[in-house]
Amino acid sequence: MKYLIVGLGNIGPEYADTRHNIGFMVLDEYAKQENVKFHNMRLAYYTEVSHKGRTLHLIKPTTYMNLSGKALNHWMKELKIPVQNVLVIVDDLALPLGTLRLKPKGSAAGHNGLRNIEAVLGNNEYARLRFGISDNYPKGRQVDYVLGGFDDDEKPELPALIDRSIEMVKSFATIGTELTMTKFNK
């Protein structure tokens, strides 16, 4: 069984470790734990890991956030992976920091990366792991907030949340969306 795990983010050092790049951060840590390296391939940084007889193809799109669908679609076709085996890891303003939620499908909720994926796929029938980043910003400062780094008081929480996200990715690939939701969603 093959799975496509898509961590959303923006390329470039100015975006590294920002809230919007939590998808990249989760996959970077997963690759580090598995001792594999990402390679710059077509439309994405790519690597793969094995988990319990399954192959997880990890991609970090190099298209920038608002064109994430282009990379996802290319790799789905290239690897012949059905949409039910796709998981997108995304930052979510509507959830407080510390909340991780797997959803089998859903709206883009104003997220440009998800909006583009939905437009390219023509549906929203793909699983997503929503990583809460809170909405602790003044009115009109949303862009600065999501493209900013985590606050000093938030940083100590990140390693455990990233590890939990990795566990959820592995669970998605082994027991599926519904059972993973039951096990991990709070």
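Which residues does Leu 95 touch, not counting residues up to four places away in sequence? In this predicted model, Leu 95 touches Arg 101, Arg 130, Gly 132, Ile 133 and Ser 134, where contact means heavy atoms within 4.5 Å. The model is a predicted one, in which local features need pLDDT of at least 70 and side-chain atom pairs count only at pLDDT 80 or more, while totals for chains, interfaces and linings use all residues. Residues are numbered from 1 along each chain as its sequence is written, and side-chain values use heavy atoms, with hydrogens and water left out.

The chain contains five helices and seven strands, which are DSSP runs numbered from the N terminus (helices, H or I, at least four residues; strands, E, at least two). From the N terminus on, the order of these elements is β-α-β-β-β-α-β-β-α-β-α-α. For 186 residues a compact globule would have a radius of gyration near 16 Å, and the 15 Å of the chain agrees with this; the radius is taken over C-alpha atoms, and the globule rule is 2.2 Å times the number of residues to the power 0.38. The C-alpha trace spans about 45 × 30 × 30 Å along its principal axes. Of the contacts between residues at least 6 apart in sequence, 68% join residues at least 24 apart.

Buried residues account for 52% of the 186 residues in the chain, with buried meaning under 20% relative accessible area, exposed over 50%, and partly exposed in between (1.4 Å probe, protein chains only). The chain exposes about 9,000 Å², of which carbon and sulfur atoms supply 50%; accessible areas come from the Shrake-Rupley method with a 1.4 Å probe, and for residues only the protein chains shown count as cover.

Leu 95 lies in the loop between β5 and β6 (100-103) and counts as buried because its relative accessibility is 6%. Although Leu 95 and Arg 130 are 35 residues apart in sequence, their C-alpha atoms are 8.1 Å apart in space. Thr 99 is placed in the loop between β5 and β6, counts as buried at 18% relative accessibility, and touches Arg 130, Phe 131 and Gly 132, residues up to four places away in sequence not being counted.

Tyr 126, in the loop between α3 and β7, has 0% relative accessibility and therefore counts as buried. Not counting residues up to four places away in sequence, the residues that Tyr 126 touches include Val 83, Val 88, Leu 114, Ile 117 and Leu 121, as well as Lys 105. Tyr 126 and Lys 105 are 21 residues apart in sequence, with a C-alpha to C-alpha distance of 5.1 Å.

The largest pocket has a volume of about 500 Å³. Of the 26 residues that line this pocket, the closest to its centre are His 20, Ala 109, Gly 110, His 111 and Asn 112. On a 1 Å grid over the protein atoms alone, a pocket is an open set of points where a 1.4 Å probe fits, with protein on both sides within 12 Å along at least five of seven lines, and lining residues have an atom within 4 Å of a point. The lining divides into 11 nonpolar, nine polar and six charged residues.

Ala 109, in the loop between β6 and α3, has a positive phi near 50° and counts as exposed at 69% relative accessibility.

Definitions and conventions: Points joined across faces, edges and corners; volume = space filled by probe spheres on them. Nonpolar A, V, L, I, M, F, W, Y, C, P; charged D, E, K, R; others polar.
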